[in-house]
Amino acid sequence: MVFLNIIICDDTREDRDALCSFVKSFFDDINCPANIVVYENGEVFLRDFETQRLDNAIAFLDIYMPGINGVDIAKKIRKTNRDMVIVFTTTSTDHGLDGYAVRALQYLVKPVSYTMVEDVLDECIKLFAESLRHIEIMSDRLTLRVLLKDIFYIESFKNICQLHTPTGVLKCYRSLDELEQHIGDGTFLRTHRSFIVNMRYINDVMENDFLLTNGERVPIRRNNKLSVKQTYMDYSFALTRGG
């Protein structure tokens, strides 16, 4: 499972190869899955960008390239994507105001070193910390890392826990109590002896269950029902206040 998408766009082969090697080494060292895609020019990257959804993405853009340059690429990105992290690679820092306009995180002045890449990626990891939180499960004899933000709810059924995600249901032989302890996330709520819900996906509060954004319902235990609902209301109120 890919946790981060890394785009490298540079017209110089030596610079592309070096940057790709540094990025790969960084993510190998921290054992974090990442998808690295390399482009020789901005036109091809923008064509793919318009047809693909990229979550948790970092774009390393060379400023000086034939055709569309890195600054203009960044401006086009910002028209539809405010979350992608943009890092400029350049031989000059004369475009400081342009970088500010597109909210570039950093400038890396060539020749780029591993230390420079490590520093900027450390900062990126901090920015993505919440969206990268995950839990490891054993499913069908495979160890899987499941992003917490991708879990709608967890259901316990006959000693099997089922994690409901946008891509399907994952089964694992771990108790619901154990999963609850490992999640340790303020966005998850134990609603029932057999259910934990991700409060991010609650769309409405019904009499005896929560209606989720995907149309499914998660039951609320009868005993202590008001307390369960109040916990969600407190969470929702905190979100509206920016908490």
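**Close-up views of a predicted model**

**View 1. Asn5 in strand E1.** Asn5 belongs to strand E1, which spans residues 4-9. The model shown in this and the following views is predicted. Asn5 has a relative accessibility of 14% and therefore counts as buried, the limit being under 20%. Its side chain makes a polar contact with the side chain of Asn35, at 3.4 Å. Beyond the residues up to four places away in sequence, Asn5 touches Asn35, Leu54, Asp55, Asn56, Ala57 and Ile58.

**View 2. Ala57 in strand E3.** Strand E3 covers residues 57-62 and contains Ala57. The relative accessible area of Ala57 is 2%, so this residue is buried. With neighbours within four places in sequence left aside, Ala57 is in contact with Asn5, Ile7, Met84, Val85 and Phe128. Phe152 lies 95 residues from Ala57 in sequence, and the C-alpha atoms of the two residues are 22 Å apart in space.

**View 3. Asn81 in the loop between helix H3 and strand E4.** The loop that holds Asn81 runs between helix H3 (70-80) and strand E4 (85-90). Although placed in a loop, Asn81 is buried, at 14% relative accessibility. The side chain of Asn81 reaches the backbone nitrogen of Met84 at 2.7 Å. Not counting residues up to four places away in sequence, Asn81 touches Phe49 and Leu54. Arg53 is 28 residues from Asn81 in sequence, with a C-alpha to C-alpha distance of 9.7 Å.

**View 4. The crossing of helices H1 and H5.** Helix H1 comprises residues 13-29 and helix H5 residues 114-127; their axes come within 10 Å and cross at roughly 50°. The two helices are therefore oblique to each other. Their crossing is right-handed. From H1, the contact is made by Leu19, Phe22, Val23, Ser25, Phe26, Phe27 and Asp29, and from H5 by Tyr114, Val117, Glu118, Leu121, Asp122 and Ile125. These residues divide into nine nonpolar, one polar and three charged.

**View 5. The cis peptide bond at Pro111.** The peptide bond from Lys110 to Pro111 is cis, and its omega is near 0°. Most peptide bonds are trans. Pro111 is located in the loop between strand E5 (106-109) and H5.

View 6. Most residues other than glycine have a negative phi. Asn31 is not a glycine, yet its phi is positive, near 55°. Asn31 sits in the loop between H1 and strand E2 (34-39). At 52% relative accessibility Asn31 counts as exposed, because the limit for that class is over 50%. Arg103 is also not a glycine and has a positive phi, of about 60°. The loop that holds Arg103 lies between helix H4 (96-101) and E5. Arg103 has a relative accessibility of 39% and so counts as partly exposed.

Technical notes. Residues numbered from 1 in each chain as written. Predicted model: local features only at pLDDT ≥ 70, side-chain atom pairs only at ≥ 80, totals over all residues. Heavy atoms only, no water. Helix = DSSP H or I, 4+ residues; strand = E, 2+ residues; numbered from the N terminus. Buried < 20%, exposed > 50% of the residue type's maximum accessible area, 1.4 Å probe, protein only. Polar contact = N/O pair within 3.5 Å; in protein donor to acceptor, adjacent residues only side chain to side chain. Contact = heavy atoms within 4.5 Å. Axes fitted to C-alpha atoms, helices over the stretch in contact; angles between N-to-C directions. Parallel < 35°, antiparallel > 145°, perpendicular 65-115°, else oblique. Left-handed = near helix turned anticlockwise from the far one by under 90°. Nonpolar A, V, L, I, M, F, W, Y, C, P; charged D, E, K, R; others polar.
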